[in-house]
Amino acid sequence: METVSVANQAWPEALSEKTLIRAAQRQDHDAFEQLVRRYDRSVLRVALHLLRSEEDARDAYQEIFLRTYRSLNSFRFQCSFHTWLYRVATNVCLDFLRRKRAHRDRWTAAETSAEGLGPLDTVSDERASSNPDSILACRDTAGRIAKALELLTPKERMVFELKHYEGLRLRVIGDRLAISEEAAKNCLFRAHRKLRAALKDMSR
């Protein structure tokens, strides 16, 4: 059995991932820091892709590795560490999106006026009036698509983006989200149906 004791010294870059994980499970902070360095860019990229905000992604990044550290003992090497870490990252991002949506809904309900107008509905955008019609049309289209995507649940949006933005197969999406391929397929079907209904007049 491989045993390595390297307290208070740097872990070699070439050391096997399995060795690092087992050491980190024994509360070796240096080993865990080495794992973070190996995957920090990948995790941040996932958070940026799913949350679409650099500030939100950096907040989620911290939470992802905190949750990873706390739950590392539950990793049993039944899948690759990258796949397991991706699941942790997507679950954190899902939680983040749910909290953000709940906060936004509460804020909207509190700030909506008696006439039913939100605080931003009465703010004019003078820059828009000086733009060409084509730019206005593009902005309107982008706005409608963004609003349509908000109609999706966090999981539906995640499956949709992993499929159409990253080009992943449904089986891979299922593995990453810890759901079956059939569940991923059904989730994607619901997302497509909602988006078609929301944007149906744009195809005319």
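# Core, rings and confidence in a predicted model

Reader: How many residues are in the largest nonpolar core, and which have the most contacts inside it?

Author: A nonpolar core here is a set of buried Ala, Val, Leu, Ile, Met, Phe, Trp, Tyr and Cys residues joined through side-chain atoms within 4.5 Å. Buried means under 20% relative accessible area, exposed over 50%, and partly exposed in between, with a 1.4 Å probe and protein chains only. The largest such core has 49 residues, and those with the most contacts inside it are Phe 81 and Ile 173.

Reader: Which element gives the largest share of this core?

Author: Elements that give two or more residues to the core include helix H1 (17-25), helix H2 (29-51), helix H3 (54-71) and helix H4 (81-111). Helices (H or I, at least four residues) and strands (E, at least two) are DSSP runs, numbered from the N terminus. The largest share, 11 residues, comes from H2.

Reader: What kind of model is this, and what is the mean pLDDT of the protein chain?

Author: This is a predicted model, in which local features need pLDDT of at least 70, side-chain atom pairs count only at pLDDT 80 or more, and totals for chains, interfaces and linings use all residues. Residues are numbered from 1 along each chain as its sequence is written, and side-chain values use heavy atoms, with hydrogens and water left out. pLDDT is the predictor's confidence in each residue, from 0 to 100. In the protein chain 71% of residues reach 70 or more, and the mean is 75.

Reader: Which element has the lowest mean pLDDT?

Author: Among the elements of the protein chain, H1 has the highest mean pLDDT, 92, and the lowest, 40, belongs to helix H5 (residues 126-129). Over residues 111-138 the pLDDT is below 50, and this stretch has 9 contacts beyond near neighbours in sequence. Where pLDDT is low, the predicted coordinates should not be read in detail. The element asked for is H5.

Reader: Which residues does Ile 173 touch?

Author: Contact means heavy atoms within 4.5 Å. Leaving out residues up to four places away in sequence, Ile 173 touches Val 159, Leu 162, Lys 163, Leu 168 and Ala 184.

Reader: Which parts does the pair of Phe 32 and Tyr 69 tie together?

Author: Rings of Phe, Tyr and Trp (its six-membered ring) pair if their centres lie within 6.5 Å; planes under 30 degrees apart count as stacked, over 60 as edge-to-face and the rest as tilted. Phe 32 and Tyr 69 are edge-to-face, 5.0 Å centre to centre with 70 degrees between the planes. Phe 32 is buried at 12% relative accessible area, whereas Tyr 69 is partly exposed at 26%. The pair ties together parts 37 residues apart in sequence, because Phe 32 lies in helix H2 and Tyr 69 in helix H3.

Reader: Is Gln 25 buried or exposed?

Author: Gln 25 lies in helix H1. Beyond residues up to four places away in sequence, Gln 25 touches Leu 72, Asn 73, Phe 75 and Phe 77. With a relative accessible area of 15%, Gln 25 is buried.

Reader: How many disulfides does a search of the whole structure find?

Author: A disulfide is taken as a pair of cysteine sulfur atoms within 2.5 Å. Cys 79 is partly exposed at 26% relative accessibility, and Cys 187 is buried at 1%. The number of disulfides found in the whole structure is 0.
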